[in-house]
Amino acid sequence: MIRLILAALGLVLGLVAGGLSVSALSVVGTDDVTETAPLTLDSAAHGIVFNQGLVPFEQTTATVHVKAPEGNEVFLGTANGVDATSYLTGVAHEEITSVEFPQALGHRFVAGDTTPKSSAQSRDWWLDTSTGPEVSTTFEVGPDSPQNMVVVLPADMTSTLEGAQVWATMSTDGVFGFSILGLAIALLLIGVAIFLFLHWRNSRPGVRRRRRARARAAAEEGVGARSPATSATAGVRGPGQRDRRSSARRGRSFAALVLVPAFAVAGCTPLPVAQPHTPILTPAERPAVREGEAAAFLERYNWVLDEALSGGSWDVDTTMYGPLLERTRAEMAIAEAGGSEASAVPFAQVSAGGPVFSEYPMWFFAFAEPTPDSENVQVMLATRESAADDWKVPQALFIPRDQMPVLLADGAGGVEPAPKSHVATAEKVRAQLEEYLETGKVAELDGVTIEYPTNAFTSFREYVEEFTGEDSDFDSVDVQCTPYAGFDFSQYALSTESGSIAVGEMRCSITFSVLPDFALDLGEQIDAVMTTGDEGNIVTINTSLPLFINVGSDDVVRVSSPDWFLLSAETREG
C-alpha cells in the first residue's frame, strides 16, 4: 500500500510542478522581463497615479514606463501617498487599479479640474523626478517594500495626457531556468509515480500466485521430474527471494530520495526569483518634515524675507501669515520710516520635528541657530494646508539657547504631539500673563509654577507706566490684552524629552486720552504705523508679544518672548 500512496503523491506533485512551470512560462516566456500591454489614455486626464504596492509579485523589481503623445513631454515623479493623494485631489486623473502580467493595466477615471493648483516642478516633496518624451522609474516590490506613488503629469501644465501610453514591466531573472527545472522535476515525479504504481500492481497477492503457477507449469513441462538434490533444497529460500526484498527496500528509499527534494522545489521553500504575492495596500503616512527639508525651507524663507526687507518689497505673504505677517509688515514700515535697512538673520544649523500625518494639513517646529555658540535661537512654527500649497510660518521668535528643547523622533521620523494636559497648562499661562500685562499684578495659580526667563513682559509694563505715572499728561489710560484670535495655537504643540512646547501670541492695546489742545508727539515709530490722521484726543496703540511656552518635567512652565512690538496706532475724537 505504501507504494500506491507514494505513487499518488508523486503524480500530484508532478502535475503541480508541471502546472506551475507552464504557468510561469506563459507569463515570462523565454525573456528575463515580462510586461503588461500598453494602456493608451483616451480621456482628458491631467495625471496618472500608480501605487507601487499593486504589483502582485515579490523578491523582484518593477518599472513603470510612460510615453508622451507625439511632440510632447511628460513629468514623472515618485512621492509618498499622502503627498500624491493631496496634490491630485480635485484634479482629473487616471488611477491605476490593478496590475496583471501580461494583460493591460486596470484603471479608472477620476473627474476633476484640468490642472492642479501649483506646478509639479515647484513641489519639494518628490522623492524622485524625471522629464522627457519617454520616462520611467524602477522600484522594488513586495510586502516589505515602500508603497510610494508614481505620478505622471504633462510637462506643460496647460495640456493633458490624452494619447499618452503607460505600461509596466517586471524583472523575472531566473524564472525561465527554474521553470525548465520544474518541468524536468515534474517529468521525473510522474515517471517515479508510474514506476511505483507498476511495482505495487505486480506485487499484489493474486498476481504473485498466478506468476508462481505459470512458473511451476513451465518447469514441469521443461524438466519432467526434480532430482534428489533439487528436492533437498526445495524448502530453502533462494537468493532471488532475498534480492526481491532488498529491491523493495531500495525502491522505497529511492522514492523518498526523489519525493523529499520535490517537496522543496514544488514550493515548500522559497526560491530566489520573482514570486507571486497578493497585494495588500497599506494606508500612507509620513512625518511632517524629513531630513534636509527644514533646512531647505528655511533657506527659501530667509531669501524671501531678506529680499523683502532690503529691497522694499512687501511680498512676504508667500512665506508667512497670521501674527508673524502682521508684525513683519509693521517692522518694515518702521524701518522704512527711519531710513534704516533690515535683513534676515542667516543660520548655521537647523533642527526640526513634527508629528506623523496620514493626510494634510501638516505642521512642524524648527529651531535655527545663527551660530553654534549664539545666545539666542530662533524657533518657528511652519504649517502646510495641502501638497499643492507651500510651507508658511504663522509664528517665529528668538528664545534663549537654554530654552531650546530636545525633540525625540520615533522610528517613522515623527515627534509625538503634546499631551492634552498641555492645553490646560497653556490656558493657565495665558490667564496669568493677561492679568500681569494689564495690571502689573502676578496671579497665584494652583498646580503650576510659571517663570519668565526674558524681560519682554516687564519691559511692556514699564512702557505702560510711562502713561500712568504721576508726571504723565495722559488721562484715562486703559490696557486690554487677549490671545491672538486669528490663529488657534492650541492645535500645535509637541512633546519633548522633558515635557512639551508650544508657541502663541498676546495682543495688547493701550488706549489713553489727552486734552484737546494738547500737542501730541508719539514718536517716529508710532507715526510709521499710524492708520489714521493725527487729529483726535484719544489714541490707541496696538502691540504684539510673541510667546514660547516650554512645559518642563519639573512642573515649571517657562514663558519666553524676545520683546514686545508695535503693530499699529490710531486716533479718534472723544
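The model is predicted, with local features requiring pLDDT of at least 70 and side-chain atom pairs counting only at pLDDT 80 or more, while totals for chains, interfaces and linings use all residues. Residues are numbered from 1 along each chain as its sequence is written, and side-chain values use heavy atoms, with hydrogens and water left out.

**Cavity**

A cavity is a set of points, on a 1 Å grid over the protein atoms alone, where a 1.4 Å probe fits but cannot get out; lining residues have an atom within 4 Å of a point. One cavity of 30 Å³ or more is counted, and the largest cavity holds about 30 Å³ of space. Its lining consists of Asp124, Ala288, Val289, Glu293, Ala294, Phe297, Phe364 and Trp391. Of these lining residues, six are nonpolar, none is polar and two are charged. Helix H7 (residues 293-311) contributes the most to this lining, with three residues.

**Salt bridges**

The model has 16 salt bridges, each defined as a side-chain nitrogen of Lys or Arg within 4 Å of a carboxyl oxygen of Asp or Glu. The table lists some of them.

| Pair | N to O distance |
|---|---|
| Arg286 and Glu293 | 3.3 Å |
| Arg290 and Glu293 | 2.9 Å |
| Arg507 and Glu505 | 2.8 Å |

Glu293, which also lines the largest cavity, forms a salt bridge with Arg290. Salt bridges that share partners join Asp83, Arg286, Arg290 and Glu293 into one network. Arg286 counts as buried because its relative accessibility is 3%, where buried means under 20% relative accessible area (1.4 Å probe, protein chains only). Arg507 and Glu505 are both buried.

Terms used:
On a 1 Å grid over the protein atoms alone, a cavity is a set of points where a 1.4 Å probe fits but cannot get out, and a pocket is an open set with protein on both sides within 12 Å along at least five of seven lines; lining residues have an atom within 4 Å of a point. Grid points are joined across faces, edges and corners, and a volume is the space filled by probe spheres set on the points. Helices (H or I, at least four residues) and strands (E, at least two) are DSSP runs, numbered from the N terminus. Ala, Val, Leu, Ile, Met, Phe, Trp, Tyr, Cys and Pro count as nonpolar, Asp, Glu, Lys and Arg as charged, and the others, Gly among them, as polar. Buried means under 20% relative accessible area, exposed over 50%, partly exposed in between (1.4 Å probe, protein chains only).
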